[in-house]
Amino acid sequence: MGKEHEVARTGRLAWIVWGVGILAYCAAIMQRTSLGVLGIQTANHFGTSIGIISTFVMVQLATYALAQLPAGVLVDRYGSRVVMITGSGVMVAAQVIMAFADSLPLAFAARILLGIGDACMYGSVLRLIPEWFAPSRVPVLTQLAGLLGQLGQVASATFLLPLFNAQGWMWAFLGAALASVVAGVMSAFWVRDVPPGRTRPAPREEKLSDLPRGIADAWRHPATRLGFWVHFTSGFSVNVFAMIWGVKWLGQAQGLNETDSAFLFNLTALGSIAFGPLLGWLTARHPLRRSNLALMVIGANMLAWLAVLLWPGRAPWALLVLLAIAISAGGPGTGVSFDYPRTLLPAYRLGAANGLVITGSFTGATLCLLVISVFLSTINPSGDYTPQQLNWAMALQLPFFLVGLAGIFITRHKLRTMMRPHGVIVPSWREVAQRIRNH
């Protein structure tokens, strides 16, 4: 009751804190996707191929995934506000370096630095939500945070690309850096870790050198591991499709023109707007069935990919639309994963646990992109891939789905076994059906 009263008393301030957090995350997404809209321009700037520039994506994704763990630890130790300000500052430095870079090694260094700064943002925003809002609102607001953050990708196309066309390379990246300067300043002025009158939960470890024990403690809890595997399995395919291979596969393997490919590509983003609030609402309403929601999303993804890839020749348009809709649910599906540590771990472990969970889909995407790249370069070093070869490459996602599903079922069983002595028993579907019949 006390917490609900505090939420009501600080309601306006809570929305300001959340809104500034979303803006800072949007700025980070804009930095992350800047090469997505300036890929050809980047290749021309450094006098190299688009294939080399695409390796920037893998390097950045790998850095982002690896940096999540220390970023989560820092959120627990110092709070979201400090980490968001620091992350924004790191991204400013990265984009300033990129603005003046004239060699590939310097550009790679800038993207690594950008991945580190980017890793500081989403976990920080997620950590703020349960401190400022009632538990019933947290799942939906978590989904909205992920969705609204994607507006940063829109900003890449509507701000950075026109700025490049008008002012050139240097001013485009300095303009991107300015966005994170604004985000950092706003975070310093408006973001607070907890509402007035409350104390931020701090980890028990007093020394920074002792924090690895806290990380291990967070990972040992099956709620964290279940969140990791849900994030991994729901989200890796979305990143593989969106980052590099989606448009290329639609064009070369499915024979679509640029307009139709762009429509399906945008549908994967627009569909998530519908699925996000729905999955957040269902997660809040049915907390004991969270994993089933995630499994439905994952199952839809797998079935859609199988149907398209097993279709003789090019898949019909309706089936490709269904695939795009299924893919669009993957991003919101990852939002379910954060609900496990939020509800089952102590508050002072939440930053580390969220960091571990976030690594899921980005680890999966990085490994899957690497496997696809190695496969294609081995069977066709020329790079002139046939439709069948690209379909085989996309089929390499299926083993990643199977590994993820195994992880979900194993860790879900361990979590339910841990919860049972505390009186939390998830009834089987047969028991649910029996109760419905009895009523």
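**Figure 1. Sequence separation of contacts across the predicted model.** Among contacts between residues at least 6 apart in sequence, 84% join residues at least 24 apart; a contact means heavy atoms within 4.5 Å. The protein comes to 22 helices and zero strands. Helices (H or I, at least four residues) and strands (E, at least two) are DSSP runs, numbered from the N terminus. Of the 439 residues, 53% count as buried, that is, under 20% relative accessible area, with exposed over 50% and partly exposed in between (1.4 Å probe, protein chains only). The model is predicted: local features need pLDDT of at least 70, side-chain atom pairs count only at pLDDT 80 or more, and totals for chains, interfaces and linings use all residues. Residues are numbered from 1 along each chain as its sequence is written, and side-chain values use heavy atoms, with hydrogens and water left out.

**Figure 2. Packing of helix H2 on helix H10.** H2 (residues 11–32) and H10 (residues 151–167) pack at about 60 degrees, with axes 7 Å apart. That angle makes H2 oblique to H10. Under 35 degrees counts as roughly parallel, over 145 as roughly antiparallel, 65 to 115 as roughly perpendicular and the rest as oblique. Axes are lines fitted to C-alpha atoms, for helices over the stretch in contact; angles run from 0 to 180 degrees between N-to-C directions. The crossing is right-handed: the near helix is turned clockwise from the far one by less than a right angle. H2 contributes Cys26, Ile29 and Met30 to the contact; H10 contributes Leu151, Gly152, Gln153, Ala155, Ser156, Phe159 and Leu160. Seven of these residues are nonpolar, three polar and none charged.

**Figure 3. The Phe236–Phe400 ring pair.** The structure holds 17 aromatic pairs. Rings of Phe, Tyr and Trp (its six-membered ring) pair if their centres lie within 6.5 Å; planes under 30 degrees apart count as stacked, over 60 as edge-to-face and the rest as tilted. Phe236 and Phe400 have ring centres 5.7 Å apart and planes at 35 degrees, so this pair is tilted. Phe236 sits in H13 (residues 222–252) and Phe400 in H21 (residues 397–419), 164 residues apart. Both are buried.

**Figure 4. The Phe241–Trp305 ring pair.** Phe241 and Trp305 pair edge-to-face, 6.4 Å centre to centre, with 65 degrees between the planes. Phe241 belongs to H13 and Trp305 to H15 (residues 290–310), 64 residues apart. Phe241 is buried at 4% relative accessibility. Trp305 is buried at 1%.

**Figure 5. A cluster of aromatic rings.** Ring pairs link Trp219, Phe228, Trp229, Phe232, Phe236, Phe400 and Phe401.

Terms used
Ala, Val, Leu, Ile, Met, Phe, Trp, Tyr, Cys and Pro count as nonpolar, Asp, Glu, Lys and Arg as charged, and the others, Gly among them, as polar.
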